[in-house]
Amino acid sequence: MLKDLFTKKKRYATIPSERAKQEVPEGLMTKCPTCRTIMYTKELKKNLNVCDSCGHHHRMTAYERINSLLDAGSFVEYDKMMIGKNPLDFPTYEEKLEADRVKTNLNEAVVTGEGDINGFPAVVAVMDARFRMGSMGSVVGEKITRAIEVAIEKDYPFLLFSASGGARMQEGVLSLMQMAKTSAALQKLSQNGGLFISVMTHPTTGGVSASFASLGDYNFAEPGALIGFAGRRIIEQTIRQELPDDFQTAEFLLKHGQLDRVVPRKEMKKMITTILDIHQHA
Amino acid sequence: MASELGFERPIVELRDKISELKTFTNEKEIDLSDEIEKLENRLQQLEKDIYGNLQAWERVQIARHSDRPTTLDYIEYLFTDFLEMHGDRLYGDDAAIVGGIAKYHGKPITVIGHQRGKDTKENIRRNFGMPHPEGYRKALRLMKQAEKFNRPIVCFIDTKGAYPGMAAEERGQSEAIARNLLEMSGLTVPVICIVIGEGGSGGALALGVGDRIFMLENSTYSVISPEGAAALLWKDATLAQKAAESMKITAPDLKELGVIDDIIREAKGGAHRDVQSQAEAIDRIVSASLKELEVLSKDELVNKRYQKYKKIGQFTFVNDTNGVE
């Protein structure tokens, strides 16, 4: 229709054409989605994936996060070889898992292990949103639970960086139950006097936001991270009104008393070190 | 007859026919008893075929039936001296969750449950049984009180899910649900959870961490509603029926997945056909469970509950064919 030409349409991300792909080598440059500055990916990585011109926090992979926090060479990974099954016989689920394993070089959506942060030992769990949107199924629930159990056993603090769209649909109610399982492990940790620091990164929503991510002794978030229980679209459909632009951002949660602090990535290691130090002298 | 569902139509039609013939026999004094007997046999067979072989989507419809008994219905049948207690002491009172203290066979108990309405007016007041954070915080307050006074807790689960609204997010829907999961796992009194209608996602689970988890035969328990799953997985909410079948959300499915302890049988056609006998069936299983749980020490109770959830999930290890748990 002719009038379509004149109406403002929402812009969607476009997939580069084959020709464009040949002209610009994949991943050489990155465009910031906030300020649209185009920069060298290498430079961005050096800057902890934070945009130099506007401060937008780009996603980090699990290992990038671990390298940015832990003292070099100190990380020892747990349960690296644990992989998921297909408990509901859900069509194409196994293929999707396999595709994500190839794409991300990860076996699942969370990496767990232990290491030192400026000399302080800690158990860490870092989620990776590239693997099935960081969703929590049996493996994510089990790996996090096991990591918490090690933290209890060794009397180490537990640090978790969440990045997840929520529970994994393809494992149905088993995914839902991982919320109870991980929360029960945190209850045990808490009873033991153990410290849990939760850092919510973009995005932390649904069943992950409604379980371990919200249960830290300290709850932090990275600037601009999307954090919430229900999806924005569902809420808009339910209440039939537009939501404020900053709805469900880290800053929105801070304003409403749901977070202790919003912490820029560059200050993260220093702040966590301070907390570990304060707790050590308790 | 109570409002019937689409798949029940053949049964209803046959029943109507039989009663028509019976009236005819009486009025015209023509003996049709052979005919009637034949039809009654067929009705029995038909009921067995339909009710004995309910598909997931049919169970979803029964679970959502407007006549289906709610938390307050069961409370009336099961407990005496029920006193409803209101409010979370932080923000407000959420009518989508009810709770209070009562006596159960003469002994003190705390009972909590999602509460939906039976008509539009009540549904609006109770927000269709979809709680806000203050509902979960009220529930937790009552549970901690039960723990303090050492009385067991019964939770009835019956919600489409936690309410997806702006105010709910502002007041910390995620934190409220998460806090309940954590605290419930550590309660030092017996906790029995029964899914009586729809068990929708985190909003259901927030009353669902206990020592025994039961489901009524035609209730459902799922990570997302069939409509939501269809919209998310296939971008088409009208495929809800297909989603219901593939998501494994019925009581027999959950028993097989090792998530629930047992299924509580329902009357033919659903709990709303016979609330009294449904309450009796619930009573039997709650009584038996409490007997088993009351002998456990506080530590045993909490440890067993922890192990119960710890073993839920399915995974394996690469290069290890025996590592299946």
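Buried means under 20% relative accessible area. The views below come from a predicted model.

**View 1. Strand E3 of chain B and its two partner strands.** Strand E3 (residues 107-114) of chain B is mostly covered, with six of its eight residues buried. On one side, E2(B) and E3(B) are antiparallel and pair over eight bridges. In this pairing, B:Pro108 of E3(B) stands opposite B:Lys103. The two strands E2(B) and E3(B) form a hairpin with two residues between them. B:His105, in the turn, has a positive phi of about 50°. E3(B) also pairs with strand E4 (residues 153-159) of chain B, in the parallel sense and over four bridges. There, B:Gly113 has B:Phe156 in E4(B) as its bridge partner.

View 2. Over all chains, a search of the whole structure finds six aromatic pairs. One of them joins A:Phe247 and A:Phe252 in an edge-to-face arrangement, 5.0 Å centre to centre with 75° between the planes. Both A:Phe247 and A:Phe252 are buried. B:Phe79 and B:Tyr104 form an edge-to-face pair too, with 5.5 Å centre to centre and 65° between the planes. B:Phe79 lies in the loop between helix H4 (71-78) and strand E1 (80-84) of chain B, and B:Tyr104 in strand E2 (residues 97-104) of chain B, so the pair ties together parts that are 25 residues apart in sequence. B:Phe79 and B:Tyr104 are buried.

**View 3. Charged side chains over aromatic rings in chain B.** B:Arg171 places its charged end over the ring of B:Tyr91, at 3.8 Å from the ring centre. The face of B:Trp234 has B:Lys242 lying over it, 4.0 Å from the ring centre.

**View 4. Four cysteines of a binding site annotated in chain A.** The unreviewed UniProt entry places the feature "binding site" at A:Cys32, A:Cys35, A:Cys51 and A:Cys54. These residues span 23 residues in sequence, yet no two of their C-alpha atoms are more than 8.8 Å apart, so they gather at one spot. A:Cys32 lies in the loop between strand E1 (29-31) and strand E2 (38-40) of chain A. With a relative accessible area of 0%, A:Cys32 is buried. Not counting residues up to four places away in sequence, A:Cys32 touches A:Thr37, A:Met39, A:Cys51, A:Cys54, A:His56 and A:His58. A:Cys54 is found in the loop between helix H2 (41-46) and helix H3 (62-69) of chain A. A:Cys54 is partly exposed, its relative accessible area being 34%. Leaving aside neighbours within four places in sequence, the contacts of A:Cys54 are A:Cys32, A:Thr34 and A:Cys35.

**View 5. Nonpolar cores.** The largest nonpolar core has 128 residues, of which A:Phe158 and B:Tyr221 touch the most other members. Helix H6 (residues 172-191) of chain A gives the largest share of this core, ten residues. Residues touched by A:Phe158, not counting those up to four places away in sequence, include A:Val123, A:Ile144, A:Ile148, A:Leu186, A:Leu189, A:Phe196 and A:Ile197. Another core, of 25 residues, lies apart from the largest one. Among its members are B:Tyr74, B:Val111, B:Phe214 and B:Ile264.

View 6. UniProt (unreviewed entry) places a "coiled-coil region" at residues 22-56 of chain B. Over residues 22-56 the chain is 77% helix and 0% strand, and the end C-alpha atoms are 35 Å apart. B:Ser33 lies in helix H2 (residues 33-51) of chain B. At 38% relative accessibility, B:Ser33 is partly exposed. From C-alpha to C-alpha, B:Ser33 and B:Ala244 are 43 Å apart in space, and they are 211 residues apart in sequence. The unreviewed UniProt entry also carries the annotation "domain: CoA carboxyltransferase C-terminal", covering residues 38-292 of chain B. Residues 38-292 are 45% helix and 19% strand, and the end C-alpha atoms of this span lie 48 Å apart.

Terms used:
Residues numbered from 1 in each chain as written. Chains lettered and ligands numbered in written order. Predicted model: local features only at pLDDT ≥ 70, side-chain atom pairs only at ≥ 80, totals over all residues. Heavy atoms only, no water. UniProt positions renumbered as here; feature names shortened; annotations may be inferred. Phe/Tyr/Trp six-rings, centres within 6.5 Å; stacked < 30°, edge-to-face > 60°. Buried < 20%, exposed > 50% of the residue type's maximum accessible area, 1.4 Å probe, protein only. Lys NZ or Arg CZ within 6 Å of the ring centre and 35° of its normal. Pairing = 2+ DSSP bridges. Core = buried A, V, L, I, M, F, W, Y, C linked by side-chain atoms within 4.5 Å. Contact = heavy atoms within 4.5 Å.
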